[in-house]
Amino acid sequence: MSESSPQPSFYNTEDRRQVPLIPREDGRIGLYTCGPTVYHHAHIGNFRTFLFEDLLRRALRFLGFDVHQVMNITDVDDKIIRAAGEAGVSLDEYTEPYIDSFFRDLDVLHIERAELYPRATEHVAEMIELIETLVEKGVAYLSDGSVFFRIAEDADYGRLSKLDLTQVQQGARVAADEYGKEDVRDFVLWKGAKPGEPSWDSPWGVGRPGWHLECSAMSMKYLGPEFDIHTGGVDNIFPHHENEIAQSETATGRQFVRMWMHSEHLQVDGDKMSKSLGNQYTLADLLERGLEPRALRYFFLTTHYRKKLNFTLAGVEDAAAGLKRIDEMRFRLEHAEEAGGLESTLTTAVTEARERFAAGLADDLNTSEALAALFGLVKAVNIAIETSRLAMGDRATVLGLIAEMDTVFGVLDPADWRTEGEAGGLDDAEIDRLVAERQQARADRDFARSDQIRDQLAEAGVVIEDTPSGPRWKRT
Ligand code: AMP
Ligand code: ZN
């Protein structure tokens, strides 16, 4: 985008309203996105959040910003320690297959890689340093081999989640390994290890860091003590992000994050996705059922990130139908004749579509508006072709804008989604269309075009046989 890109404004969870994004450094955004806990394969709910973050980074770039994204990998927590112990393997051995599948799934969904994926187990030293600062400041205390954050010392606590913390009862049930807390609301920074558990040395004895701490330590290490945007799913708001603010701001005395953005949850058939309901799908489960990753990506991106999204197979089919409309327009446009001497009817449509698209994204990632801009263009192109008003240069202009839009959606070009093994990149539907077009060309006695299509198909490893009942094709 040019200098005339609209000023983005996003819904800041902390303000509970949409506010302009004012980067700390002109044109540059530091973005921290809470990553997966690699205790099992990520489920599609997690991917809804990761896709929202992918959309955010792509949209920011389209709007003219350089984005530096850091996503942590939580490779140590209570569940991982327990599961690795039961399996009799080290933490690394236990988490490795889940880290691999996480990256594989990102690729399947064409989610762009962040600039950095730091792991918790590789940043324990930074976390210990942060705890030391908090202990020095008198807001953290040692009890029973663990260190806790004393929230009574933090007048600002609750600022993000706006929860009434007086409602949290003293004497409420406390996890067995957190008995040492002075106040039930305090949270753990360092957990003393039980014998035989994987652990790290610290000034407070052997143990492991609490989960909230890793995101404070790693975000500030790589993005600085103050940065632009921090995201996650809505379940991260409390206590995770609230605690991150408490730890970070108490340690540095500075505003930790300017903009907090949270995506709503994915539900399945109207219910919360959960193991007990048996409706918790991984990406691999869905691919096994024959769902197309391209349609899935589109399905996730078409609902605004702050609305609950209900996952249904019918929803994914609708998404596939939307993509088909775009693909059909592209196919017609690629094969239509441009007429010389015509004044373009599409130049204005392209300019308006680009502006509407950018304005939609800048308005709290309004994907419906951005897609309405695209479908308006699809309609204008179809009309131009049907009325033989495609002018010289129109094809390149329209395809150029769609390619630009696709730097944000990452889903609009079928060629990017072809798997190896599909003939020269052509799927069955495209071959059918080319064969039909060749028939039409022959009927029109346009033999140059019919030969060209035959050659194109041959190159893709498809041969056409002309039979008395019409052409038939097969892959060689
Ligand atoms: P986890 O692996 O549990 O740490 O979660 C990774 C990310 O997925 C976090 O940002 C969560 O907020 C998010 N998340 C978890 N469940 C869902 C869900 N059902 N829908 C959308 N995002 C989710
Ligand atoms: Zn986090």
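I began with helix α6, residues 237-252, which lies across β6 and β7 (187-192). I noted that α6 runs at about 85° to β7. This is a predicted model, so I keep that in mind as I read on.

Next I looked up the sheet that holds those strands. I found an open sheet of four strands, ordered β5-β6-β7-β8, with antiparallel pairing. Its edges are β5 (140-143) and β8 (207-209); each has a single partner strand, so one side of each is left without a neighbour in the sheet. Neighbouring strands in this sheet are turned by 25° against each other on average, direction ignored.

Then I zoomed in on one pair. I saw that β5 and β6 (residues 146-149) are antiparallel partners over four bridges. In that pairing, A140 stands opposite F149 in β6.

On to the other sheet I looked up. I wrote down another open sheet of four strands, this one in the order β4-β3-β9-β10 with parallel pairing. Here β4 (66-71) and β10 (257-263) stand at the edges with a single partner strand each, so each has one side without a neighbour in the sheet. The twist averages 25° from one strand to the next.

I checked a pair here too: β3 (residues 28-33) and β9 (residues 227-233) run parallel and are joined by three bridges. For L31, I found I229 as the bridge partner in β9.

Which strands does helix α1 lie across? I listed β3, β4, β9 and β10 for α1 (residues 44-62), and its run is at about 150° to β9.

How values were computed
Residues numbered from 1 in each chain as written. Chains lettered and ligands numbered in written order. Predicted model: local features only at pLDDT ≥ 70, side-chain atom pairs only at ≥ 80, totals over all residues. Heavy atoms only, no water. Pairing = 2+ DSSP bridges. Helix = DSSP H or I, 4+ residues; strand = E, 2+ residues; numbered from the N terminus. Axes fitted to C-alpha atoms, helices over the stretch in contact; angles between N-to-C directions. Contact = heavy atoms within 4.5 Å.
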